[in-house]
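Here are my notes for a first look at this entry. Please read them with the structure open beside you.

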Amino acid sequence: MRVLSGIQTSGTLHIGNYFGALRQHVALQETGQAIYFLADYHSMTSVRDAAVRRDYAREAALDYLACGLDPQRAVLYRQSDLPETCELAWILTTVTPMGLLQRAHSYKDKVAQGLQPDHGLFAYPVLMAADILQFNSDLVPVGQDQKQHLEMTRDIAQRFNAAYGAEVFVLPEPQIEEAVAVVPGTDGRKMSKTYGNTIEMFAGKKALKKAVMGIVTDSTPVEAPKKTDTCLFQLWALFADASEREEMFARARAGGLGYGDVKKDLLERLLDFFGPMRERREELAARPDDMEDVLRDGAARARTLATPVFEAAREAAGLGLAKP
Ligand code: ADP
Ligand code: TRP
């Protein structure tokens, strides 16, 4: 079984990325041939600074390794080290209906937020389809927000196979971790780099404290009962087990629990949880050449896995010299 996923390197990774993506990625490296990549081509839809782009990709590589990604077991590569993906994206774009892309929630959301749409943002799901289909991936672990992109990928794969009468692409299945479908941000909306409402995984203690203390709460007095379906309690619950959760929620409902105390406890839990990973990250960051070696080796292995699929797609579409 081939597992494939990517993370867009358009900012510093946050705990939504960890619980919605990275944690599953690391767990899945035990199950099959896992391939993960740093989506720097995708970052071009929002980041316009070359040095910043390079940095984000490097930082994300360190994050993956710090979280336990084992480069001996899984393939970790930088998307732009495999430029063939862009050729496949073109091939796929010619079988992608405009209507399919016009229905994409992510595109509509970003336009609604006031982002100036360009063709890259519009065509983003086709590049994502190429990322996935080039490896004949079976399983794609992603957060809930990416589910529609997976449906689009399956649709595009089927259209190519039907257009050229060849079973070139495998239809991938999404894997969505329902338990933590969406991690809320500090303002109650989905945690996202775009909204500036994140708690970064590896921020310093001071910055973490600032983010946690800034979590939006209402003005319910300490003595009054509290609702537990709020972002503060949901964030806290990510770091608690079932019995701790039950106890805390009962205290909240009973009244007498202050939001400030919950925030303090959340900060401690955050520091404990990411502490060992932070140490490992510091060691890795001190050896940047080793990390680049991991990415170089990852790209070579990714190319080996993708080449037969690229060749089959070119052959089916009649591109280049015919195979003898
Ligand atoms: P962002 O919204 O911050 O730009 P991305 O879109 O780059 O994050 O997401 C990278 C991965 O992390 C995806 O698999 C996505 O589903 C997951 N993810 C991002 N934000 C969250 C969240 N708030 N809750 C759960 N998963 C998330
Ligand atoms: N679009 C994904 C995101 O924003 C990142 C991504 C790009 C991806 N290509 C992918 C995820 C392929 C899984 C598979 O999070």
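1. Start with Pro125, which sits in helix H7. The model is predicted, so treat each value below as computed from it.

2. Is Pro125 buried or exposed? Its relative accessibility is 2%. The limit for buried is under 20%, so Pro125 counts as buried.

3. What does Pro125 touch beyond its neighbours within four places in sequence? Its contacts there are Leu101, His149 and Met152.

4. Now look at Pro125 and Ala207. They are 82 residues apart along the chain. Their C-alpha atoms are separated by 34 Å.

5. How many residues surround ligand 2? There are 13. The closest are Phe37, Tyr124, Met128, Asp131 and Gln146. By class, the shell has seven nonpolar, five polar and one charged residues.

6. A nitrogen atom of ligand 2 lies 2.8 Å from a side-chain N or O atom of Tyr124. For Asp131, a ligand 2 nitrogen is likewise 2.8 Å from an N or O atom in the side chain. For Gln146, the distance from a nitrogen of ligand 2 to a side-chain N or O atom is 3.1 Å.

7. How much of ligand 2 does the protein bury? Taken alone, ligand 2 exposes 360 Å². The protein buries 89% of that.

Notes
Residues are numbered from 1 along each chain as its sequence is written. Chains are lettered from A and ligands numbered from 1 in the order in which they are written. This is a predicted model: local features need pLDDT of at least 70, side-chain atom pairs count only at pLDDT 80 or more; totals for chains, interfaces and linings use all residues. Side-chain values use heavy atoms; hydrogens and water are left out. A residue is near a molecule or strand if one of its heavy atoms lies within 4 Å of it. A polar contact is a pair of N or O atoms within 3.5 Å; within protein, one must be able to donate a hydrogen and the other to accept it, and residues adjacent in sequence count only if both atoms are side-chain atoms. Accessible areas come from the Shrake-Rupley method with a 1.4 Å probe; for residues, only the protein chains shown count as cover. Ala, Val, Leu, Ile, Met, Phe, Trp, Tyr, Cys and Pro count as nonpolar, Asp, Glu, Lys and Arg as charged, and the others, Gly among them, as polar. Helices (H or I, at least four residues) and strands (E, at least two) are DSSP runs, numbered from the N terminus. Buried means under 20% relative accessible area, exposed over 50%, partly exposed in between (1.4 Å probe, protein chains only). Contact means heavy atoms within 4.5 Å.
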